Amino acid sequence: MKTTLMQLKILLPSGVFADIKNVRRIVVETTDGSYGILPRRLDCTAALVTGILVYEIEGEDEKYIAVNDGILIKAGSQVSISVRHAIGNAPLGKLRARVEKEMIELDELEVNARNVMAKLETGFLRNFQNLRK
C-alpha cells in the first residue's frame, strides 16, 4: 500500500517562503497546544502561536522552521500555513541564534518607526498650533 504524503506551503505577506513536497508529518504550536499532523488527519484549521514548526520529509531527518503567529489550513494532502515571519534552513541550535538576531533587528526597526511617528506627530501639532494663531 502506497503511503500518502503531504505538501506543505508556508506563505508570507511577501510571497511563498517554502513549498515542500513529500512531507510525512508536521508538528505545530497552536493556541490550544502542540499538534501533530499526519497525511490522513481530517481537514482542519488552527490558529498558530510563535514557535518552532517541525516537519519530516520521507527519508530525511526532521527539519525546523521558526514561525510567528498565523493560521494553518489542512485540506486533503495540502497544508498551508500563513504567517508574517518565518526563519528556516538551519539546525535547531543555530535557529535560535537566527531568531534572536532577527528579533533584535525587528525591535530596532520598531524603535525607528516609533521615532519617525513621534516626529510626524510633533510636526503636525506644531503646524496645527500655527494655523490656530
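Is Lys 21 buried, partly exposed or exposed? Lys 21 is partly exposed, with a relative accessible area of 49%. On this scale buried means under 20% relative accessible area, exposed means over 50%, and partly exposed lies in between (1.4 Å probe, protein chains only).

The model is predicted: local features need pLDDT of at least 70, side-chain atom pairs count only at pLDDT 80 or more, and totals for chains, interfaces and linings use all residues. Residues are numbered from 1 along each chain as its sequence is written, and side-chain values use heavy atoms, with hydrogens and water left out.

**Salt bridges**

The whole structure holds five salt bridges, each defined as a side-chain nitrogen of Lys or Arg within 4 Å of a carboxyl oxygen of Asp or Glu.

| Lys 21 | Asp 19 | 3.9 Å |

Asp 19, the partner of Lys 21, is partly exposed at 38% relative accessible area. Strands (E, at least two residues) and helices (H or I, at least four) are DSSP runs, numbered from the N terminus. Glu 56 counts as buried because its relative accessibility is 16%, whereas Arg 24 is partly exposed at 40%.

Arg 25 has 24% relative accessibility and counts as partly exposed. Through shared partners, salt bridges join Arg 24, Arg 25, Glu 56 and Glu 62 into one network.

**Nonpolar cores**

A nonpolar core is a set of buried Ala, Val, Leu, Ile, Met, Phe, Trp, Tyr and Cys residues joined through side-chain atoms within 4.5 Å. The largest one has 22 residues, and those with the most contacts inside it are Leu 8, Ile 10, Ile 20, Ile 26, Tyr 55, Leu 72 and Ile 81. At least two residues of this core come from each of strands E1 (6–12), E2, E4, E5 (51–57), E6 (62–67) and E8 (78–83). E2 gives the most, with five residues.

Which residues does Ile 26 contact, leaving aside its neighbours within four places in sequence? They are Met 6, Leu 8, Tyr 35, Gly 36, Ile 37, Leu 53, Val 54, Tyr 55 and Val 79, where contact means heavy atoms within 4.5 Å. Another core, of five residues, lies apart from the largest one and includes Ala 66, Ile 87, Ala 90 and Leu 95.

**Strand pairing**

Strands count as paired if DSSP finds at least two bridges between them. E2 (residues 15–30) and E3 (residues 33–37) pair in the antiparallel sense over five bridges. A hairpin joins E2 to E3 through two residues, and Thr 30 stands opposite Gly 33 in E3.

E4 (residues 44–48) is joined to E7 (residues 70–75) by five bridges, and the two strands run antiparallel. The bridge partner of Ala 46 in E7 is Leu 72. In a regular strand the side chains alternate between the two faces of the sheet. In E4 the covered face carries Cys 44, Ala 46 and Leu 48, and the uncovered face carries Thr 45 and Ala 47.

Met 117 is partly exposed at 44% relative accessibility, and Val 116 is partly exposed at 48%. Together with Leu 120 they form a nonpolar surface patch with about 290 Å² of accessible area. Patches are made of residues with over 30% relative accessible area and no salt bridge; like charges are joined within 9 Å, and nonpolar side chains (Val, Leu, Ile, Met, Phe, Trp, Tyr) within 5 Å. Accessible areas come from the Shrake-Rupley method with a 1.4 Å probe, and for residues only the protein chains shown count as cover.

The C-alpha atoms of Met 117 and Thr 4 are separated by 51 Å, and the two residues are 113 apart along the chain. Asn 112 is partly exposed, with a relative accessible area of 44%. Asn 112 and Ala 86 are 22 Å apart, C-alpha to C-alpha, and 26 residues apart in sequence.
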